[in-house]
Amino acid sequence: MSIANLNSQSTIDLFDQYVIPNYRRYPVSLVKGEGSRVWDAEGRSYLDLFPGWGCNILGYSAPALVKAIQDQAATLIHVPNTWYIEQQGRFAEFLCSRSFGKAFFCNSGAEANEAAIKLARLHGSAEGRFRMITFEKGFHGRTLGALTATAQPKYHEGLGPLMAGFRYAAMNDLEGVASLIDDETCAIMIEPIQGEGGVRIPEPEFLQGLRNLCDQHGLLLIFDEVQTGMGRTGEWFAYQHTTVQPDVMTLAKGLAGGVACGAMITRDEFAGDLRPGMHASTFGGNSLAMAAGIATGETIEREGLLQHVVDNAEFVRQQLEQVQQSLPIIKELRICGMMIGIDLTIPSAPAVGKAMERGVLLNATQDTVVRLLPALNITREELEQGLEIVVSVLEEMAEDV
Ligand SMILES: *Cc1c(COP(=O)(O)O)cnc(C)c1O
């Protein structure tokens, strides 16, 4: 059976019968992609400004990535972590030489954060420290530890009791954070830019303040860079826009260009806290994912995509700031590289369907925010076309008010 034999409705019928309905899905089956374009089973193409929910950081079917995956698959797909794996060593070198410390590999963002939570608890255990502070509107994943770290009550409903030991603070409220620290606290975890939370960018002094609090009280500072990492913001990692270096950083989403891959990076002095036997991931760091990660990173470097992101982000800012002047439904623009939040005075959800009708894919989050996470290699022309449609959608929404 080939992959794209079925029309969208036939695939939907299969899902209705056999797939657990835990996702709200658009009624379209996607079958093929190239660059920032993706095609549905009926042959209609879309310009994707949110490819792979941020995972497809090089868009679809980037040739160097495809070739690396094909070659690696033909050589060795997976061996367990009881052996040394060249690709794992090389990808760790790639990431850590652009950041710090040492890497542990897993398969997803939630898993990377679980590793960080365990590292923080292991580090604190000698002093009886286990509590962590996380932030309102943060998002850290769906496994129970990462979910508890996710300070959004809507995701907790019906799942209690959650993990003990988490306290929630408001972003940019340093005194509030300080008041939650006690001698059982082991870590503070934050996204350097909240993604699912609506592209909310903390004040730089706030992140520096967290660093200072962590230094004063002997806490680990954990940055969840699952969405912001791997060049998304125009630096390899979002913390590099700030004066702060975290003790721990978690990565996933775009890390291997759309192949499942997560990582936790920690400073050398804490790496030993994750002792043999204390943590593991069977698939983590497998040859295929690592080859995909290396190819993704090397492509970003070879094609100068960090600078491309910075240039494109400036273009997006100029375009949208101009539009904002005549479109009062735009309350705030929050842009850092190819991480773009358009916060509206009205609900953003209708933008998704309206844009899809015009052949553009985007995301709505946190009730009023339109979120775009374009591929790092999106062309200026595609970005221009896409923004034109986004703007026409917003104009139509403004008329409906
Ligand atoms: C998506 C996301 C996660 C969860 O990643 P999964 O791979 O879905 O487990 C965690 N943190 C942040 C910041 C994310 O954006």
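Helices and strands here are DSSP runs, numbered from the N terminus. The model shown is predicted.

**View 1. The largest nonpolar core has 82 residues.** F91, L95, I188, I342 and L394 have the most contacts inside this core. Helix α10, residues 305-326, gives the most to the core: 8 residues. Domain 1 (8-61 + 305-399) and domain 2 (65-302) both give residues, so the core lies between them.

**View 2. L95 and its contacts in the largest core.** Set aside the neighbours within four places in sequence. L95 is then in contact with F105, M230, F237, L251, L255 and I265. Another core, of 21 residues, lies apart from the largest one. Its members include F104, L119, L122 and M264.

**View 3. G109 sits in helix α4.** This helix covers residues 109-125. Is G109 buried or exposed? Its relative accessible area is 15%, and buried means under 20%, so G109 is buried. Leaving aside neighbours within four places in sequence, G109 is in contact with H140, V226 and A252. G109 and L251 are 142 residues apart in sequence. In space, they are 6.3 Å apart, C-alpha to C-alpha.

View 4. Where is V19? V19 is in the loop between α1 (8-18) and β1 (30-34). V19 has a relative accessible area of 33%, between the 20% and 50% cut-offs, so V19 is partly exposed.

Methods
Residues are numbered from 1 along each chain as its sequence is written. This is a predicted model: local features need pLDDT of at least 70, side-chain atom pairs count only at pLDDT 80 or more; totals for chains, interfaces and linings use all residues. Side-chain values use heavy atoms; hydrogens and water are left out. A nonpolar core is a set of buried Ala, Val, Leu, Ile, Met, Phe, Trp, Tyr and Cys residues joined through side-chain atoms within 4.5 Å. Buried means under 20% relative accessible area, exposed over 50%, partly exposed in between (1.4 Å probe, protein chains only). Helices (H or I, at least four residues) and strands (E, at least two) are DSSP runs, numbered from the N terminus. Domain bounds come from an automatic or database domain assignment. Contact means heavy atoms within 4.5 Å.
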